[in-house]
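Notes follow as I went.

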Amino acid sequence: MSDIVEKTLTALPGLFLQHQAAGGSGVSRVSVSSRLGSLIRSITALTSKHEEEKLIQQELASLKATVSAPGTTLRLMKECMVRLIYCEMLGYESSFGYIHAIKLAQQGNLLEKRVGYLAVSLFLHENHELLLLLVNTVVKDLQSTNLVEVCMALTIVSQIFPREMIPAVLPLIEDKLQHSKTSELTYDVLDESLRRAELSHNITYAILFECVHTIYTIYPKPELLEKAARCIGKFVLSPKINLKYLGLKALTYVIQQDPNLALQHQMTIIECLDHPDPIIKRETLELLYRITNAQNVSVIVQKMLEYLQQSKEEYIIISLVGKIAELAEKYAPDNEWFIQTMNAVFSVGGDVMHPDIPNNFLRLLAEGFDDENEDKQLRLYAVQSYLSLLEIENALYPQRFLQVMSWVLGEYSYLLDKGTPEIVITKLYRLLVNKSTTSETKAWIMGAVTKLMPQAPSSKTVEKLIQEFSVSLDTCMRQHAFELKHLQEKVELMKNLLPIDKSCEDLVVDASLSFLDGFVAEGLDQGAAPYKPHHQRQEEKLSQGKVLNFEPYGLSFSSTMSSSGCTGRQSPAGISLSSDVSGNSAETGQKEINSLKLEGVKKLWGKEGYLPKKENKVGNIPELQPVAQDSTLVENVDQMMIKKDQSQALHHSEEEAEKQRLASTLFVGLGSESAVSLLGKTDTVSHKFRRKSKVSDTKNRELAIAHNINCSSFNPLSNAPYEDDDHLNNFQGKGDTGLKKCSLGSEFLESDLKSESLTELHLVENLSACSLSPPSLFEDNSMEIFHPASPILSSFANEISLTSSLLEELNEHVHSDLVELCNNEILKVSSCKIWKDDCLLLVWLVANKSSLELKSTNLEITPTENFKILEHPGFCFPIIEAESTKSIQHHVHIEKPFTEEGLSGYIKCQVEEDPYIQLDFSVTLSLLDFIRPMKICTEDFGKLWLSFANDVKQNIKVSDSQANLPFVLKTLQQKLRLHIIDIIGNEGILACRLLPSVPCLLHLRAHEGMVALWFRSSCSSLPDYLLYQCQKVMEES
Amino acid sequence: MIKFFLMVNKQGQTRLSRYYEHVEINKRTLLEADVIKTCLSRSKEQCSFIEYKDFKLIYRQYAALFIVVGINETENEMAVYEFIHNFVEVLDMYFSRVSELDIMFNLDKVHIILDEMVLNGCIVETNKARILAPLLILDKMAES
C-alpha cells in the first residue's frame, strides 16, 4: 500500500495524458474532458491566490448562469453541483446553488439524486431553513421500494435533518431498525476477543482497547478484569509510540477502579512524564490527575504547573488550570500551599480560565469552614500574600487575578493590624490608575475601596480618588466616585451599609423599589407615559421603523445578570410587569451578592461535574512569607527532581534511584494496603462546599426541555386523562351522570388549567389581579365548562352505555355533544367528536328504532382530499338487533388546513327482505377540531420562532371590554386551544399544533383597543387559517 | 465522534473535506491550513495523534497526501488511525491503484464512499465490498 499515492502534482501534465490513454476501464477514471477536470487543471496552473480567486469567481458566475437557466438538464446540474462542492471546498461560498442542490435531490435519477443529497449535506447545516424543502423528498425516499433510495434518505437523515422535523421520519426509521439482544453474550465476546488478539496488527490493538474499556465499564467479572489488566501491560510496555499512548489512555480509564495497576506500571508512567512528545506527557498528567490524593497532591500539581509553563495552547491551559484548581481545593495540605497554588493558577490561567475557578475560590474563602480560627488564618494568609504580590514593582497580573485580589483585600484587610487600611487603599489606588487595568477590574477595585473606607474614614487617598474620578469620562467610575463621596459624608449609613465580614449574610433590600410607588403614581397622574422595559421600547421602535425585528424574544429574555457586576439592583424577575403596578412590593429580601458573579456561569468540564471541595485542613498557622510562586512550593520536588541537564551527567543507577524516589512520592497512598482508597475517593472525602453541580443542573434543564418538546410534538395532553378522572369524580359527587361534556369552546380549558404548572397559574392570577376585569379566570371558566347535564347528554349516556369500550373512551377524552345526523322511522345515525391528543376520533352511533332486526347495515364515508381516515372508510354490521344501538369509530387526520369542511357518507340497510334503505348524512369538521395546545417553554418558543419562515401579521380592533390582555388570552386558550406560554407586560406568547405535529406560534400584543397578532408556522397556510379563527372568536366574544 | 475528515496534500491544498459538525466556510480554510501545518511539524518518531484545541487529530501520510481526522475524546484513536487506512484501501480497490488525481477528479465518488463508512461522525462500515456496493450500482445505472 505504500505506493498508493505516489504521483504528485509536479507530474500533473504528463499524468493527464497517461490517463487519457489508459482511460476506459470499468471504473470511471479521471475524465479529462469534464468541466470539473478543466477547472482543476486551470487552478493547478495558477500561481497566486489572487488569480485563484478571480478564476473561481468567474467559474461561480458561469455556474450561476447555468444552474438558473431553465433548460439545464439534471445531468448537467449534477456536473454543476460537483463543481460547486469543489468551489466551497476551496473556501468560496456558492449559496446560489443550494436551492438547486435540493431540486436535484428531489428530481434526479439515482446518481443525480445522490449527488443532490451529497451537495445538500455539504452545503447546509442542521438549522438551515432551506432544509424544510427537503423533508418531503426524504420522507418519500424513505418509503421508496428502491433500496438505494432508502439508503440515500437514511444517510441524509443522519447527516442534517432538521431537528424539529424528526418526528416526521422517526416512525419510518424505527421500522428499519432491528433490535438484537446480545448483552448476555458480552462476556463471551469480550473473552473471545481478548483471546484471539494475539495477532500483531494495529487494528487488533484498537479493538483490544475498546474491550478493556468495556470490561471496566460493564458489571465487573474478576476473571476478565485480570485479563484486561494484562492486556494494558502489553500496550504500556510497547516500544511503539502510538500503542504506548493508547496504554496510558487505557490506564487513565481504569485507574480509579484498580489503583494497583498504576503501581505495576509506575516506572513507565515516570518515564512518560518526561517524554519528548507533549501529547504523551499530557496523557500522563491526565492519569496522575485521576490518582491524586492528599499525600501526593503537591508533587502532581507541581508537575502540572511545570507543563503549564511550557504550554501556549489555550485549551490545554484552560483544562489544566481547572484540574489544578480542583485538586488544590480538594486535597490542599495546608493554607500556605493552597493560596500559593491558587496564585499560580490565577497567574497562568489568567483571563482564559473558567470563571467558576475564581468564583469558587472566593466563595470558599467567604463561606469558610467549621473552624472559625482556621478561616481567619486562611483569609489573613491570602491578604498578606496579595499585598506582597502587589508590592512587586511593574508586575503585571491578569485582570481576573486582580479582581480576586481586590475582593479579598476589600473584604478581609481588617484582619491585618490596625492602621493598615490606608496602605491597602494606596495599593488599590495604584492599580486603579494603572493604564492596563480594565474597567471591569476597576469596578471591583472601587468596590474594595468602598468596603475599606469605613475603616479609614479620613483617608487622604480616598479623597484624592474621589476628586480624580468625579471627573472621569467613564460614567461607571464617576458613579462610583459620587457614591463614595456621599458615603464618606454619612459615616453611620456607611457603617450600616458596609459591615465588616458580612459577605455571606443577606442584606435586605427592597428590590421592587416600592418606596418609589408614590412618585410613580404622581407622575402617571400628571400624564406621564407608563414605564416600558427596554426590550419593549426597542421592539416598538423597530416595528415603527418598518424593520423586521428578527429576534423579538432574544431581546425579551436576555439575562438579567449585569455583566459588570457593579450594580446591585436588578429587575426583580425575568417577567417585568409594567411599572405602574408594583404588585410585588412585598418581594423584598433580594440577595445582595456583593458583586460576586457566582450565579449564571456554566461549568464546562470535569467528569463528575466540577465541585468546589476542601478537606483535611491541617491546623498549621501559616508563616508570613513573601509569595515568590515557586520557592517553597517547589522545594520538595526540587530535591528529588534535579533538572535534566544535571541528571544527564549523573550515573545511570543514580538516575534510576531518582525515578524510584519520584515514584514513591507520586504513588504514595495508592493500592489496597493504603489507607486512602482511590475507589472511594469521591465518597470518603468530606466536601464542605459541595453544591449542586452546575453541569447536572443544566443537563436536567436540558432534559426537561427535551421532555417538553417530546410532549409537545407527540402528546401535549398526555396528562389529560388523569385530570379528567378528577372531573369525573366531581361530577359523580354532584349526582351527575358520570359523563363529562363540554362545549366546543371550552373543552380543553379545564385540563389545561388543572395541569398548568404552578408558575403559570401564578402568572394568570397575577394578571387577573392587576387587570381591571373583575371576575377571576377560574370562576369564569368553571361556569362555562360545567354545563348542567342536558337531556341530550343523559339520553346519550343511555345509548352508549351499551358499548362499554366507547364509554371508556369518552370518559378519557373531551368530546362534543351527540349530534343527530339523519333519521327516519327505522334508523337514526348520530355522531360525536372526540378530541384525542393525537387525532380526531369520530364516533358514529347507528340506532335501530324498529322492532325488527336490521341486516347487513353498511356505513360508508365518502373519501375527500382534506381528510385521511385511518380505518377503512366503510363498515358493515351484519345484524343490528331490534331497538339497539351500535357504534363505530373513525380516526380522522387532516391532510391540509381548511376552515370548515363537510365529511359526508351514507348508510344502507335492509329490513327482512324489503329493498335497501339508504340515508345520506354529513358532519361539519372545523379546523379547530384538529388544533391542540402545544406545551413548550419560552426558550423553545424563541428557537422555533426564528426557525419558521411563514408568518402572518394582523391588527384586530377590539371593543374596550375586550382590550385587556387576560381577556384575549383566555378567549384564545378556551376557544382555539392555544397554550399560553408566557406573558410579558402587555404581550403574550402562545403555541398550538395542527395534528399530528405542525406547530404554529402566536405572538400577541394588546394596546389601545388593538390586538396585534403575529403568527408563525412551518406550514405556509396554517397562520392564515388560524388568524381567521382568531378574528372569528374575537368577534363572537 | 469524528468531527471532520480531511485530505490535504503537502502543499496545503485541500483535496477533500467533510465536516460532521457545522463550521463556517471561512473558518474551514483557516482550520485546514493550520491542521496541515501541525501535521507537517511532526516527525516520524512522534505519535500519530495530536492534541489540537479541544479535540484530537489523527493523521496518516500517503506519499504527499495527508489524511487527517479530527475526533473528540470519546473516539478510539487507534481505531480511527486504522480506519484511515481502511478508507484508503477502499479507494484503492475502487480506483484500482488510487492516486491523488483520482481523488481530485472524482470528488463526488470519494465523498459517497466516505459517507458509506462514516455516518454522523461514527464509523459505520468497514467491509470493502459492502462499502462499494451502492456506488457500483449507481455506476452501472449511469452507464446504461
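A polar contact here is a pair of N or O atoms within 3.5 Å; within protein, one must be able to donate a hydrogen and the other to accept it, and residues adjacent in sequence count only if both atoms are side-chain atoms. I noted that this is a predicted model, where local features need pLDDT of at least 70, side-chain atom pairs count only at pLDDT 80 or more, and totals for chains, interfaces and linings use all residues. Residues are numbered from 1 along each chain as its sequence is written, chains are lettered from A and ligands numbered from 1 in the order in which they are written, and side-chain values use heavy atoms, with hydrogens and water left out.

**Entry: A:Thr252**

I found A:Thr252 in helix 13 (residues 241–254) of chain A; helices are DSSP runs of H or I, at least four residues, numbered from the N terminus. Its side chain reaches the backbone oxygen of A:Leu248 at 2.6 Å. Buried or exposed, I asked of A:Thr252? A:Thr252 is buried, at 4% relative accessible area (buried is under 20%, exposed over 50%, partly exposed in between, with a 1.4 Å probe and protein chains only). Leaving out residues up to four places away in sequence, I listed A:Glu283, A:Glu286, A:Leu287 and A:Arg290 as touching A:Thr252, contact being heavy atoms within 4.5 Å.

**Entry: A:Val138**

I then looked up A:Val138, which touches A:Tyr117, A:Ala153, A:Ile156, A:Val157, A:Phe161 and A:Val169, again not counting residues up to four places away in sequence.

**Entry: A:Leu516**

I placed A:Leu516 in the loop between helix 27 (491–497) and helix 28 (517–525) of chain A. A:Leu516 is partly exposed, with a relative accessible area of 34%.

Key:
Helices (H or I, at least four residues) and strands (E, at least two) are DSSP runs, numbered from the N terminus.
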